[in-house]
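Please look over the sequence and the fold below. The report then walks through the helices, the sheets and the packing.

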Amino acid sequence: MSLLQLQGMVKRYGGLVATNDLSLDIWPNEIHAIIGPNGAGKTTLIHQISGTIAPNQGKIIFDGVDITSVSMHGRVAMGLARSYQITNIFQSLSVVDNLSLAIQARTGSSMRFWRKAIDEHALYVEAQTYAAQIGLADKAQTQASALAHGEQRQLELGLTLATQPKLLLLDEPMAGTGHEESGKMLELIQTLRGKAAVILIEHDMDAVFKLADRISVLVAGRIIATGDADYIRQHPEVKKAYLGDEVSVSDSSTINAQDAA
Ligand code: ATP
């Protein structure tokens, strides 16, 4: 069964149709990239899935439940989390304290929780585990404000993971990161494989083609192709939308160059 089903999603901005009768199934635990030229409707789609904006038409089924009218926070509670939006880093707190707060928010623990030293210890241990998972074990006690840009993004991902999502929406996780940092982020997203489904929007095509189990190509609000990396590279309409028929799409970075243009 699909974890997420988008059925006939329409979002209009005045006369402009940003997502045009868009349907898509996301499978449990897959990394699914959505790519497409600037203005194709990728961000609009993510906003509709997270609940930031409502579609004009269409239905969203998550984990068997119609969530089309469920609030963003309701969706997070059901296991649908968007990184870089619902999570706010407390800059004056350490990495491990930030993660502890995110865990507490998930478990809804009250003051009663804190009375038990053993539970406090369990919280700390869990926070340390997340710190290690996001590659910040050695920075666990570092104040968030002292982290490099890429490390802050790692922490943001950690805060989202602490909500134990079934589906994680990653909107350009590599944006603004340097070569080394984006390599780390790529590794980190790899570690999510099998733990949660991921919808990834990313302009770095090398990353997309390395990470994604399936890729959907969005052009002018419609998905023109969905499949694995090889299928997408060879797809005639995808070639046409990005490059024109005469150019080979075997080099994924070529797509990136055109896409960013
Ligand atoms: P990019 O890769 O450049 O981020 P995108 O694929 O994410 O683009 P969207 O940002 O979803 O595309 O935009 C889709 C279309 O909807 C664009 O034509 C954009 O100008 C338009 N649009 C997006 N948000 C709004 C808004 N709030 N009001 C009016 N038009 C909007």
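## Helix 1 and its cover

In helix 1, the buried residues are Lys-42, Thr-44, Leu-45, Ile-46, His-47, Gln-48, Ile-49 and Ser-50. Buried means under 20% relative accessible area, exposed means over 50%, and partly exposed lies in between (1.4 Å probe, protein chains only). Helices (H or I, at least four residues) and strands (E, at least two) are DSSP runs, numbered from the N terminus. Helix 1 covers residues 42-50 and is mostly covered, with eight of its nine residues buried. Just after helix 1 comes Gly-51, with a positive phi of about 95°.

Thr-43 also sits in helix 1. Is Thr-43 buried or partly exposed? Thr-43 is partly exposed, because its relative accessible area is 35%. Leaving out residues up to four places away in sequence, Thr-43 touches Asp-171 and Ile-201. Contact means heavy atoms within 4.5 Å. Thr-43 and Ala-18 are 25 residues apart in sequence, and their C-alpha atoms are 9.5 Å apart in space.

## The model and the whole chain

This is a predicted model: local features need pLDDT of at least 70, side-chain atom pairs count only at pLDDT 80 or more, and totals for chains, interfaces and linings use all residues. Residues are numbered from 1 along each chain as its sequence is written, and side-chain values use heavy atoms, with hydrogens and water left out.

The chain holds eleven helices and ten strands. It has 261 residues, and 49% of them count as buried. Take the contacts in the chain with a separation of 6 or more: residues 24 or more positions apart account for 65% of them. The accessible surface of the chain is about 11800 Å², and 52% of this belongs to carbon and sulfur atoms. Accessible areas come from the Shrake-Rupley method with a 1.4 Å probe; for residues, only the protein chains shown count as cover.

Four strands make an open sheet in the order 2-1-4-5, with antiparallel pairing. Strand 2 (16-26) and strand 5 (65-66) are at the edges with a single partner strand each, so one side of each has no neighbour in the sheet. Helix 1 packs on this sheet and touches strand 1, strand 2 and strand 4 (57-62). The direction of helix 1 makes about 120° with that of strand 1. Axes are lines fitted to C-alpha atoms, for helices over the stretch in contact, and angles run from 0 to 180 degrees between N-to-C directions.

Two strands pair if DSSP finds at least two bridges between them. Strand 1 (residues 4-13) pairs with strand 2 in the antiparallel sense over seven bridges. Lys-11 has Thr-19 in strand 2 as its bridge partner.

What is the order of the six strands in the open sheet with mixed pairing? The order is 6-7-8-3-9-10. Strand 6 (80-82) and strand 10 are the edge strands, and each pairs on one side only. Ignoring direction, neighbouring strands of this sheet are turned by 20° against each other on average.

Strand 8 (residues 197-201) is largely enclosed by the rest of the structure, because five of its five residues are buried. Ala-197, Ile-199 and Ile-201 lie on one side, and Val-198 and Leu-200 on the other. Strand 7 (residues 167-171) runs parallel to strand 8, joined by five bridges. Strand 3 (residues 31-35) pairs with strand 8 in the parallel sense over four bridges. Strand 3 and strand 9 also run parallel, joined by four bridges. Strand 9 (residues 214-219) pairs with strand 10 (residues 222-227) in the antiparallel sense over five bridges. Strand 9 and strand 10 form a hairpin with two residues between them, and Ala-220 in the turn has a positive phi of about 50°.

## Nonpolar cores

In soluble globular proteins, nonpolar side chains tend to be buried together. A nonpolar core is a set of buried Ala, Val, Leu, Ile, Met, Phe, Trp, Tyr and Cys residues joined through side-chain atoms within 4.5 Å. The largest core has 46 residues, and Leu-99, Leu-155, Leu-157, Leu-168, Ile-189 and Ile-215 touch the most other members. Another core lies apart from it, with 22 residues, among them Leu-22, Leu-24, Leu-80 and Ile-201.
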